[in-house]
Amino acid sequence: MSNTPMAANPLTRAVLEIDEYASGLGWDQPARLFALVDTARLRVQEPALAAQLGLADEQASTGLTPIEQDEIPAGKPLDEFLATIAWPDSVMGCALTVERLMLPPSAEAAVPQGLSDKKLAAWVAAHPDRQEVRMTVAVLRDGTRDSAVRLREKDAATEVLTGSGLVPGLAEALSATFAD
């Protein structure tokens with residue numbers, strides 16, 4: 001993608017590319033799942049698909065190409081859905097982009113104890129300090145992970161926070177999709 005900033009490694013570039021793609025779709029979108037495949041291998045093994053994705057004319061690289069998967073079923077909890085996934089050997093990693101509400105650390109002490117998930121979600125949604133975020137998390141088979149977090153109120157590519165440990169629970173759930 002033309003507006004994706006250059007990053008130090010292929011996984012970070014893929015995360016930022018997915019973040020840019022999701023940003024172009026706007027907010028209030030469903031979660032989206034992506035397979036991450038080796039770009040050079042894709043060009044050789046699937047030239048028609050590479051051409052369809054606009055990769056045929058690019059110079060050889062060691063990058064990763066995100067390929068969006070079928071829509072995640074509505075109404076099914078994300079953790080249950082991820083537990084049903086198995087990837088073929090040609091997939092080097094996977095990524096997920098999802099929107100959530102989050103609270104600043106200063107609000108954690110005020111969280112009522114013993115709430116059901118539904119009531120907790122309602123409490124967070126009503127909290128005056130809540131932030132809407134889009135999280136893009138990616139993992140590779142070897143355990144490498146990276147993520148990008150974008151706040152709705154600071155919706156600009158220059159405001160995207162990246163790092164390997166930003167969303168550890170989601171990274172663990174994605175890593176489990178590669179477990180034998």
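Mentor: Start with burial: a residue is buried under 20% relative accessible area, exposed over 50% and partly exposed in between, with a 1.4 Å probe and protein chains only. The model is predicted, so to speak of a local feature takes pLDDT of at least 70, side-chain atom pairs count only at pLDDT 80 or more, and totals for chains, interfaces and linings use all residues. Numbering runs from 1 along each chain as its sequence is written, and side-chain values use heavy atoms, without hydrogens and water.

The part to look at is S3, residues 93-102. Helices (H or I, at least four residues) and strands (E, at least two) are DSSP runs, numbered from the N terminus. S3 is mostly covered, with 7 of its 10 residues buried.

Look at its partners. Strands pair if DSSP finds at least two bridges between them. S1 and S3 run antiparallel and are joined by 5 bridges. In this pairing Phe34 faces Ala95 of S3. S4, residues 131-140, also pairs with S3 in the antiparallel sense, here over 10 bridges. Gly93 stands opposite Leu140 of S4.

Stay with Phe34. Phe34 is buried, at a relative accessible area of 3%. It also belongs to an aromatic pair. Rings of Phe, Tyr and Trp (its six-membered ring) pair with centres within 6.5 Å; planes under 30 degrees apart are stacked, over 60 edge-to-face, the rest tilted. That gives 2 aromatic pairs. Tyr21 and Phe34 have ring centres 6.0 Å apart and planes at 90°, so they meet edge-to-face. Tyr21 sits in helix H1 (residues 10-25) and Phe34 in strand S1 (residues 32-38), so this pair ties together parts 13 residues apart in sequence. Tyr21 is partly exposed, at 27% relative accessible area. The other pair is Trp87 with Phe178, whose centres are 6.2 Å apart and planes at 25°, so it is stacked. Trp87 lies in the loop between helix H4 (78-82) and S3, and Phe178 in the segment after helix H6 (168-175), so the pair links parts 91 residues apart in sequence. Trp87 and Phe178 are both buried.

On a 1 Å grid over the protein atoms alone, a cavity holds points where a 1.4 Å probe fits but cannot get out; a pocket is an open set with protein on both sides within 12 Å along at least five of seven lines; lining residues have an atom within 4 Å of a point. Points join across faces, edges and corners, and volume is the space filled by probe spheres set on them.

The largest pocket has a volume of about 800 Å³. It has 20 lining residues, and Glu99, Arg100, Leu101, Met102 and Met135 lie nearest its centre. S3, helix H5 (117-126), S4 and strand S5 (145-151) each give at least two lining residues. H5 has the largest share of this lining, 5 residues.

There is 1 cavity of 30 Å³ or more. Among the residues lining the largest cavity are Ala22, Leu25, Thr97, Val98, Glu99 and Arg134. H1 and S3 each supply at least two of the residues in this lining. S3 gives the most, with 3 residues.
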